[in-house]
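Colleague: I'd like to learn how to read a model like this one. Could you take me through it, feature by feature?

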Amino acid sequence: FRLAFHFGLFQFLMPVVGWAAGSVVAEYIPSWDHWISFLLLAGVGGHMIWVALHPEQTTQRSDPSRGLRLILLSTATSLDALAVGVSLALAGISVWTPSLLIGGITGAMCLTAIVLGNRLRAVVARYAELAGGAVLILIGGKILIEHLR
């Protein structure tokens with residue numbers, strides 16, 4: 001629940017923060033948000049892959065729904081929403097309905113994925129961690145490539 005709640009919360013808050021910042025920082029956000037997203041996602045994804053490939057060196061797996069790891073994941077996956085908020089402000093569109101929808105849908109989808117993941121854990125645990133790490137790296141790469149074009 002914590003993971004789904006925080007992902008949804010950050011997806012809700014980032015457009016609001018971006019909207020509030022509006023045109024003051026609009027020209028600066030696109031120049032660095034993709035780098036931060038990429039580095040955070042690649043770092044967390046790379047660590048997940050390392051843990052999956054070296055289980056003997058990991059005595060206790062950290063809980064991604066607690067602490068700094070949760071904040072990093074929540075921030076990395078929602079930085080692009082900050083730019084969306086700025087765009088909404090520049091277009092003169094209210095941020096509240098889109099932010100509520102984005103946050104609510106993100107939270108619901110995360111909760112659904114977590115429930116399904118828990119049911120499939122025994123069957124695909126190690127492979128899921130490898131795939132999850134790879135997906136995070138690919139998402140970070142996609143964000144980076146889209147912004148560098």
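Colleague: Which residues form one aromatic cluster?

Modeller: Phe-12, Trp-19 and Trp-96 do. Before we go on, this is a predicted model, so local features need pLDDT of at least 70 and side-chain atom pairs count only at pLDDT 80 or more, while totals for chains, interfaces and linings use all residues. Residues are numbered from 1 along each chain as its sequence is written, and side-chain values use heavy atoms, leaving out hydrogens and water.

Colleague: How do I read a pair of aromatic rings?

Modeller: You describe it by the distance of the centres and the angle of the planes. Rings of Phe, Tyr and Trp (its six-membered ring) pair if their centres lie within 6.5 Å; planes under 30 degrees apart are stacked, over 60 edge-to-face, and the rest tilted. The structure holds 3 aromatic pairs. In one of them, the centres of Phe-12 and Trp-96 are 6.3 Å apart and the planes are at 40°, so that pair is tilted. Phe-12 sits in helix α1 (residues 2–21) and Trp-96 in helix α5 (residues 96–148), 84 residues apart. Helices here are DSSP runs (H or I, at least four residues), numbered from the N terminus.

Colleague: What about Trp-19 and Trp-96?

Modeller: That pair is edge-to-face, with 6.4 Å centre to centre and 65° between the planes. Trp-19 is in α1 and Trp-96 in α5, so this pair ties together parts 77 residues apart in sequence.

Colleague: How accessible are Trp-19 and Trp-96?

Modeller: Buried means under 20% relative accessible area, exposed over 50%, and partly exposed in between (1.4 Å probe, protein chains only). Trp-19, at 33%, is partly exposed, and Trp-96 is also partly exposed, at 43%.

Colleague: How many salt bridges does a search of the whole structure find?

Modeller: A salt bridge is a side-chain nitrogen of Lys or Arg within 4 Å of a carboxyl oxygen of Asp or Glu. The search finds 1. Glu-146 pairs with Lys-142, and the closest N and O atoms are 2.6 Å apart. Both lie in α5, 4 residues apart, about one turn of the helix.

Colleague: And how do I read two packed helices?

Modeller: Use the angle between their axes and the distance between the axes. Axes are lines fitted to C-alpha atoms, for helices over the stretch in contact (heavy atoms within 4.5 Å), and angles run from 0 to 180 degrees between N-to-C directions. The axes of α1 and helix α3 (residues 67–76) come within 9 Å and cross at roughly 40°.

Methods:
Helices (H or I, at least four residues) and strands (E, at least two) are DSSP runs, numbered from the N terminus.
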